[in-house]
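User: I would like to go through the terms used for this model and see what each one rests on. Please give the cut-off whenever a term comes up.

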Amino acid sequence: MFKFLRNFKEGLSRTKDNLVGKVKEAVGLAAKVDDNLLDTIEQILIEGDVGVAAATRITDNLKEKVARESIRDPNDILAALKSEIAAILKSARDPAHLDSSTSPEIWLILGVNGTGKTTSVGKLAKFFRDQGKKTMIAACDTFRAAAVDQLAIWAERSGVECIRAKDGSDPAAVAFDAASAAKARGFDILLVDTAGRLHTKTHLMEELKKIKRVLAKVVPEEAIKAKLILDGTTGQNALSQVKLFADVVGKIDGLMVTKLDGTAKGGVVIAIAEEMSVPIDFVGLGEQIDDLKPFDADTFVAALFE
Amino acid sequence: MFDSLTEKLEAAFKKLRGQGTLTEDNIREALKEVRRALLEADVNYKVTKDFIDEVQKEAVGAATLRSVEPSQQVVKVVHEKLVKLLGETTVDVVISDPPPAVIMVCGLQGSGKTTLCAKLALRYKKKNKKVLLVAADPYRPAAIQQLQTLGRQIDVQVFEIGQARPQDICREAVNRARKEFVDLVILDTAGRLHIDDELMAELADIKKLVDPKEILLVADAMTGQDAVNVARQFHERLKITGVVLSKLDGDARGGAALSIRAVTGCPIKLAGIGEKLSDLEPFHPDRLAARILGMGDIVSFVEKAQESVDIQAAEKLEKKLRKQQFTLEDMYDQLQNLKKMGPLESLLEMIPGIGKALKGATIDPKGIGRVEAMIQSMTVEERRNPQIINGSRRKRIADGSGSTVQDLNRLLKQFVEMQKMMKNMNRFKFKGLPKDALPF
Ligand SMILES: Nc1nc2c(ncn2[C@@H]2O[C@H](COP(=O)(O)OP(=O)(O)OP(=O)(O)O)[C@@H](O)[C@H]2O)c(=O)[nH]1
Ligand SMILES: Nc1nc2c(ncn2[C@@H]2O[C@H](COP(=O)(O)OP(=O)(O)OP(=O)(O)O)[C@@H](O)[C@H]2O)c(=O)[nH]1
Ligand SMILES: [Mg+2]
Ligand SMILES: [Mg+2]
């Protein structure tokens, strides 16, 4: 492996170049705060996958603020934009806190194909293990070629136990076995890796329901947290993903946005937080085991605006 | 919030309806909606802007020529432009002489490269080519096993030498292919970021070493605005020869296709429409454009229906029906046929006019699942001879399938009715089951 670890800020620096860098440029060029500048900001947001609706709302709010507070200095626009986005992303909870009253807490890791579910399970296993939590993972993607082997390697890397079955066996049965074992042996957290599935495929979504139903036979329903993994490169389709996965499992308890180490701006995060108020728990910033960081709105915005 | 591009465009064009002529003003008004719709479909901001500017020009010109419905005119102009931007004709992958031809598959992490490699291998194996799959991703955990598993599934040889340098893997593989008279070598490279200098250089190295005739960039149909950056970088570094759009089987509008095509000028050659290795289609620019515009994709629909129904099985079924031997087993097979065609809703959406009419009120897939589960819980004897299903059997089947005895009673009653109906049909010609005969 050639790649080195990137820390949170480094990983996001490209986002900064693309988004804030351009605002700064626009601000520098604009003689005063006018519609032109605000249009530029809207463009930058849209190009960052924020989406037309959210971008329009953000710029509308900015316009109002500019008028209300009679902001004249173009540089003050940045500060206003910063607080605007931070307000949308703020969440009061600690993403790493296991808040169910019984153990194990079960994280059901969901998402469309190739978003980074298995990798994120591997990273999370390490993360929780480092925190001293008794961690187990379950290989419930019995469908994709060598998905179980892939997870088994992550289990080895993170030094946690992995419950696995043969390829092609019933994922719900594996989930049940893992949950029972985790409960019997007093584990704190069970991470369940599931097969990638497009949210529009009804029969595959039914399978998820079944997994959840089976898990609820072992632990109380509130101890099962549905975590949706989104590819940060994804555009507006992410909104549909969140909505349809939520329809199936009842509620998405948290999001993880991967691949933010690329040039994709992850702006979809802002649109999702704004439109669906689903909190963001972690972000993926690379392919290595430590390239997963708890999402923190302030750090995110600070890194964005530094 | 989740209105499709189609609906947006329809709404936009509705505004034009009933207005006598296309003026610059009313077109601009409608195109504002089109712009928004394209952006929501993830077409890149700048690509959208250029597109709208051009349509604006052409639509105004057209208005003076004809006096058909204005919305139709704009639809026509928008559609034509979309097709043009997408590439007008279907361009296929080229396997040139002399063998071995090499295809290098590259792209971002998780875009669908390994799956595509196996799909391509299957495609050319069916054309009687000797194919060698090459596991050139030594980085991602179990990437090699993944390709090996897929190779086994389709009975195609996989070349691997473990965690070696990808350059060495590819060179050795091509050498081997020469010796073994392989027609086609397919290189499955590791996922990488377009900005990862080191890994991009590695691909350029491989290109130099093995001179691939095709360098295919796999792009996820769900990709957002960043598609332009990714495509531009891969194209600049490697001079890609084509693009494959994967995961087109979801509800992404595929705006990334427009963006990628616009920045690279490379043809989009193939479309991935599922996880199965047969889920690969030639990319049809006109169909995608038509689909984006809500004009339906009737051609795809018909083809898909033909492919999924096994002709021989259908004939066998017809014979059985004539002899009045239709059993629950046959019904189960029919359900599988239906399911093979993919999500029913997405199929129906391909038919003009139907997609919208049925929205929200479509076939209940749970119903299919329930019926399936019940039939699965029966013994072979019960499936063939449902009259033996007595009270205790009913309870067992209902329990086993997670349904109620009432559900099962309903199914059995419907089945008997279907049998009756079939008896009444004198010259029954099999064209699939009558639609309302299905118990869901
Ligand atoms: N650059 C980058 N790559 C990532 C990140 N997270 C995952 N990946 C890569 O993305 C690819 C897909 O990751 P997986 O974990 O296999 O994705 P998945 O969702 O489990 O995929 P399926 O199970 O096939 O649906 C792999 O090549 C990972 O190494 C990230 O944060 N940054
Ligand atoms: N629904 C759907 N899923 C697909 C399609 N093509 C690939 N996939 C799925 O997408 C996921 C990732 O596919 P891979 O072929 O492993 O992707 P990759 O680009 O090789 O990934 P890395 O090697 O980790 O970068 C898997 O779950 C595939 O089954 C497609 O056309 N439709
Ligand atoms: Mg996986
Ligand atoms: Mg791969």
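User: Which residues come nearest to ligand 2?

Analyst: A:Asn113, A:Gly114, B:Gly112, B:Gly191 and B:Gly272 come nearest, out of 26 residues around ligand 2. A residue is near a molecule or strand if its C-beta atom, placed from the backbone, lies within 6 Å of it. This is a predicted model, in which local features need pLDDT of at least 70 and side-chain atom pairs count only at pLDDT 80 or more, while totals for chains, interfaces and linings use all residues. Residues are numbered from 1 along each chain as its sequence is written, with chains lettered from A and ligands numbered from 1 in the order in which they are written.

User: Why is the site of ligand 2 called shared?

Analyst: Residues from chains A and B surround ligand 2, so the site is shared between chains. Helix α5 (residues 113-126) of chain B gives the most to this shell, with 3 residues. Helices (H or I, at least four residues) and strands (E, at least two) are DSSP runs, numbered from the N terminus.

User: Where does ligand 1 lie, and what makes up its shell by class?

Analyst: Ligand 1 lies between chains A and B. Its shell divides into 4 nonpolar, 14 polar and 8 charged residues. Ala, Val, Leu, Ile, Met, Phe, Trp, Tyr, Cys and Pro count as nonpolar, Asp, Glu, Lys and Arg as charged, and the others, Gly among them, as polar. Among the residues that come nearest to ligand 1 are A:Gly116 and B:Gln109. Helix α6 (residues 117-130) of chain A gives the most to the shell around ligand 1, with 3 residues.

User: How many residues of chain A are in contact with chain B?

Analyst: The count is 41 residues of chain A against 39 residues of chain B, where contact requires C-beta atoms, placed from the backbone, that lie within 7 Å. Elements of chain A that give two or more residues to this side include α3 (35-47) and α7 (147-158). By class, the side of chain A that touches chain B has 13 nonpolar, 18 polar and 10 charged residues.

User: Why is A:Ala223 called buried?

Analyst: A residue is buried if 20 or more other C-beta atoms lie within 10 Å of its own, exposed if 12 or fewer, and partly exposed in between. A:Ala223 has 23 such atoms within 10 Å, so A:Ala223 is buried. A:Ala223 is found in the loop between α9 and β5 (224-231) of chain A. Leaving aside neighbours within four places in sequence, A:Ala223 is in contact with A:Ser100, A:Thr102, A:Glu105 and A:Ile106.

User: What makes strand β1 of chain A largely enclosed?

Analyst: In β1 (residues 105-110) of chain A, 6 of the 6 residues are buried, so the strand is largely enclosed by the rest of the structure. A:Glu105, A:Trp107 and A:Ile109 point one way, and A:Ile106, A:Leu108 and A:Leu110 the other way.

User: How do you know that β1(A) pairs with β4(A)?

Analyst: Two strands pair if DSSP finds at least two bridges between them. β1(A) and β4(A) have 5 bridges, in the parallel sense, so they pair. One bridge partner is A:Ile189 in β4(A), for A:Glu105. β1(A) and β5(A) also pair in the parallel sense over 5 bridges, with A:Leu108 opposite A:Ala226 in β5(A).

User: What is the order of strands in the open sheet, and why do β3 and β8 of chain A count as edges?

Analyst: The 8 strands of chain A follow the order β3-β2-β4-β1-β5-β6-β7-β8, with mixed pairing. β3 (161-163) and β8 (292-294) each have a single partner strand, so one side of each is left without a neighbour in the sheet.

Key
Contact = placed C-beta atoms within 7 Å.
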